[in-house]
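Student: Could we go through this model together, taking the charged pairs and then the helix packing?

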Amino acid sequence: MLRKEHNELLTQTGPGTPGGRLFRSYWIPALLAEELPENECPPVRVKLLSERLLAFRDTGGRYGLIDEFCAHRGVSLWFGRNEENGLRCPYHGWKYDYTGQCIEVPSEPVESGFCSKIKLRGYPLVERGSVLWTYMGPSAKQPPLPEWEFALVPHESSFISKRLQECNWLQAMEGGIDSSHVSFLHRGELTFDPLFKGAKGNQYNLQDARPVFEVVESPGGLYVGARRNAENGQYYWRITQWVMPSFTMIPPRGDHPVHGHFWIPIDDENCWTWSFDYHPTRPLTQDEVQAMRDGKGIHTKYVNGTFRPRANKDNDYLIDRAAQKAGRTFSGVAGIAMQDASLQESMGPIVDRAKENLVSTDNGIIMARHRLLRAIRNLTEMDVLPPGVDIAHQRVRSASLVLPPDQPFKDAGKDALLVRAGVAHSSV
Ligand code: FES
Ligand SMILES: [Fe+2]
């Protein structure tokens with residue numbers, strides 16, 4: 001359980017909050033690059049960390065992420081005209097460049113220099129690996145661009161999607177480090193999902209529903225090790241990476257692409273679940289890409305023209321009680337993504353953690369909360385750079401391994417837990 005004030009510290013990320021300051025220390029994913037497909041295309045509304053912003057791509061191909069509202073009288077610039085290296089408010093014609101600087105106020109004499117005094121909030125927006133990343137903290141502290149492996153592999157080796165999740169970021173993220181639910185909630189997918197099935201490790205998962213968790217601090221966050229019995233007294237280890245504040249990487253299965261998530265607050269009651277899939281040493285196959293587009297694995301299908309999942313809380317996630325009863329799915333909801341999201345959203349927009357009863361398999365979650373609280377305290381009281389900002393903390397991989405019983409996973413898996421150029425991920 002978590003005291004109310006700690007729950008608030010961890011779940012509130014708006015401007016001026018300690019948790020918001022933590023998130024504003026990092027480059028975070030803001031949009032898919034395909035949302036701004038060409039120069040002078042329509043701008044896109046983006047709400048992040050409770051700030052209403054607007055993303056656009058100007059005549060010269062520069063990306064901007066600026067305050068959504070015109071500095072004159074507050075019109076939404078989403079209605080703006082994207083023309084000649086700037087976005088023009090359609091009400092009285094004030095024009096802004098990609099940094100948010102006002103560059104024209106047609107009603108005022110140019111000599112007055114009035115427009116040079118007007119600037120909207122603006123954040124950098126940079127493409128890396130089909131994602132547009134932003135940094136919303138003080139410019140003096142802007143860190144180097146992110147170096148997550150999924151964003152650096154060739155385009156044909158990765159697939160990235162995002163979906164709206166209608167709950168606070170933390171309860172969504174906690175699902176990403178809670179390896180014990182896989183043996184229950186997702187057991188059908190281990191057998192049937194084209195992006196999971198066929199791996200030897202699945203058998204260990206299904207045969208041993210009482211994993212022993214060992215959670216160890218890593219430079220950027222945690223290694224969450226889940227140990228299950230394998231044959232001949234050996235152990236099957238699944239090691240999840242959690243890197244602050246909200247990156248998780250699920251342990252791989254066989255030669256399937258490896259995948260994971262970023263959970264980014266939209267506001268305190270909604271978040272973006274970013275889902276990446278990549279293979280470190282080969283392009284994804286056509287079948288894999290098709291399966292991901294079809295909502296298999298950790299991806300999902302959308303309500304047309306949106307990033308809201310087709311199965312959502314308004315239609316009870318299309319629950320199929322017959323499939324639940326027959327065991328084709330454990331919860332009756334289809335697909336890993338919506339199995340997770342349905343249960344996480346069912347807790348309410350911000351779960352009351354004072355009412356929980358945690359058990360030993362929740363150790364990863366407990367330690368992640370402590371680490372986040374410690375980082376928030378160190379940042380706000382002593383201005384200490386939080387873990388995960390350093391790009392060395394980002395060059396990590398998850399792994400699945402079979403090890404003799406006397407070998408600690410952290411030592412035996414040392415190399416497997418780091419990015420190794422040209423070497424595939426360690427996977428069973
Ligand atoms: S409100 Fe935008 S120019 Fe007047
Ligand atoms: Fe899950």
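Tutor: Buried means under 20% relative accessible area and exposed over 50%, with partly exposed in between (1.4 Å probe, protein chains only). This is a predicted model, in which local features need pLDDT of at least 70 and side-chain atom pairs count only at pLDDT 80 or more, while totals for chains, interfaces and linings use all residues. Residues are numbered from 1 along each chain as its sequence is written, and side-chain values use heavy atoms, with hydrogens and water left out.

Student: How many salt bridges does the count come to?

Tutor: Side chains of opposite charge can pair when their charged atoms come close. A salt bridge is taken here as a side-chain nitrogen of Lys or Arg within 4 Å of a carboxyl oxygen of Asp or Glu. By this rule, the count comes to 28 salt bridges.

Student: Is E166 buried or exposed, and with which residue does E166 meet in a salt bridge?

Tutor: E166 has 14% relative accessibility and therefore counts as buried. E166 lies in the loop between β12 (158-165) and α4 (169-176), and the pair ties together parts that are 147 residues apart in sequence; helices (H or I, at least four residues) and strands (E, at least two) are DSSP runs, numbered from the N terminus. The partner, at 3.8 Å from N to O, is K313.

Student: At what angle do the axes of helix α1 and helix α10 cross?

Tutor: Two packed helices are described by the angle between their axes and the distance between the axes. Axes are lines fitted to C-alpha atoms, for helices over the stretch in contact, and angles run from 0 to 180 degrees between N-to-C directions. The axes of α1 (residues 4-11) and α10 (residues 363-382) come within 10 Å and cross at roughly 75°.

Student: Which residues of α10 make the contact with α1?

Tutor: Contact means heavy atoms within 4.5 Å. On the α1 side, H6, L9 and L10 take part. From α10 the contact is made by R369, L372, L373 and I376.

Note on methods:
Chains are lettered from A and ligands numbered from 1 in the order in which they are written.
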